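Please find below my notes on the model you sent.

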Amino acid sequence: MFTLLEVSKHNAQNSCWVILYGKVYDVTGILDSHPGGAQAILRWGGRDATDEFDMIHPSETLKEIEQSYLGTVEPQDPPIADSAPEEVTHAPLSTLLNLDEIEAAATKVISKKAWGYYFSAADDKISKCLNTQAYRSILLRPRIFVDCRTCKLETNLLGHKVGLPIFVSPTAMARLGHPAGERGIAEGCRPFGGLQIIANNSSLSPEEIVANAPPTQIFGWQLYVQLNRKLSENMLARVNQLDRIKFIVLTLDAPVSGKREDDERINIQANTAASVSAQLFAGTDPSLTWAHTLQWLSQHTTKPIVLKGIQTHEDAILAAQYAPLVKGIVLSNHGGRSLDTAPPAVHTLLELRRYCPDVFDKVEVWVDGGIRRGTDAVKALCLGAKAVGIGRPALWGLAAGGVEGVERTLQILSDEMKTCMRLLGVKTVDHLGPQHINTAILQQQIYGGSSYLADEHLGLMKGKL
């Protein structure tokens, strides 16, 4: 058994110990190979890193350092607080009427670190703001004298029945905001038959997230290809064994991390080595290509592949050329977190309709980013999207009220969608179409140049897979 003083002396590159759950580990040997960089561990050298570790790493990570276990640490009496902790009053979830109010409620209760990671976006947050504003520029065209007593949101995604055309986008580090983490999001989706894409950097393992899911609940799994390809291949092998996970989402809109200043600022104020974003992207491979990556991926999974991060019609055309290996694409600018002033997904959706409408017949087209109202979701569906994704709203809902907060988020969106569809005179989502909206204001912002597709790109396709 070690004393805290003994442990505290091991805080350097040549000897780094940390305390996790009352146990002492010598982590010197993994400093250089840690995906977040050596400094992410060194700043906790000689100290108790349990709280930090618990928020970011799945419990299985402990197994990877079992051989470094040295012993236990002497238990310490808890410090005597100078005063009672300030209580945070939670507003009843039923009083939160929209997603902005849920975000405001969550902001009051989460840590600065969690807020910085969830809220942050690239540079001046222009793309993040445009993601939502673009939907406000689309006008609806209500119809009258239509029987609207019934309205159903059920649809099929990649051949699987879901209860609504809203999916939870891959969002990392859910336990930063609430202990239930990604498993809580999964539970919140369940009453709605909602689809969840599990993030590559989830704070729980995929096995833990899907463990209690019924056979009818649908999941996807997000892949960030790692520089150490063996790590990605090992994860794919695990995911291949999970029947609840029906497809793989290869994320391509963030080959490197964007400059997320809110996240960085919290890091500077806390005097830590690296922001959450920087740590998560440290091991990501930025060298992916059409010619090689899909061929590699097809060798390591038989599950359908969805490409996330399409932001131009040219890349949509290229992706569709890989059908049926590629079953779907997600139009996304990574929530405005990668390249600022990149187009909102609804801009790209309109660009596809203008330049390559046949893509909608070859692959399923989903959109992600900026959905804050049920009317936003309806507008995207009118333009040909099969489903819309919510990322931050799911995290804010979880942070505001755990599982019930996620349920409240989806309930608000579902109710708003049904109200909108009834007033449009539409009973089912597959009957939504461009005749129900007016995009004239937005059309002037859609790309109007030439199509940049090199002949050699078009020649790379099916024969090489």
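The points below take these topics in turn.

1. This is a predicted model. Its average pLDDT is 88, and 88% of the residues score at least 70. The exception to note is the stretch 79-87, where pLDDT stays under 50 and the model has 0 contacts beyond four places in sequence. Where pLDDT is low, the predicted coordinates should not be read in detail.

2. Lys-303 deserves a look. The residue sits in the loop that runs between α13 (290-298) and β12 (305-310). Lys-303 is buried but forms no salt bridge. The nearest side chain of opposite charge belongs to Asp-243, 5.5 Å away, and the cut-off for a salt bridge is 4 Å.

3. What does the side chain of Lys-303 reach instead? Two backbone oxygens can be named: that of Leu-242 at 3.3 Å and that of Ile-245 at 2.6 Å. Beyond four places in sequence, the contacts of Lys-303 are Val-239, Asn-240, Leu-242, Ile-245, Lys-246, Phe-247 and Ile-248.

4. The largest nonpolar core has 98 residues; Trp-221, Leu-223, Ile-329, Leu-331, Val-359 and Val-367 touch the most other members. Helix α18 (residues 392-424) is the main contributor to this core, giving 14 residues. A second, separate core has 13 residues, among them Leu-157, Ile-197, Val-249 and Ala-387.

5. Leu-223, listed above for the largest core, has contacts beyond four places in sequence that include Leu-236, Ile-248, Leu-250, Trp-296 and Leu-297.

Note on methods:
Residues numbered from 1 in each chain as written. Predicted model: local features only at pLDDT ≥ 70, side-chain atom pairs only at ≥ 80, totals over all residues. Heavy atoms only, no water. pLDDT = per-residue confidence, 0-100. Contact = heavy atoms within 4.5 Å. Helix = DSSP H or I, 4+ residues; strand = E, 2+ residues; numbered from the N terminus. Buried < 20%, exposed > 50% of the residue type's maximum accessible area, 1.4 Å probe, protein only. Lys, Arg positive; Asp, Glu negative; His and termini not counted. Polar contact = N/O pair within 3.5 Å; in protein donor to acceptor, adjacent residues only side chain to side chain. Core = buried A, V, L, I, M, F, W, Y, C linked by side-chain atoms within 4.5 Å.
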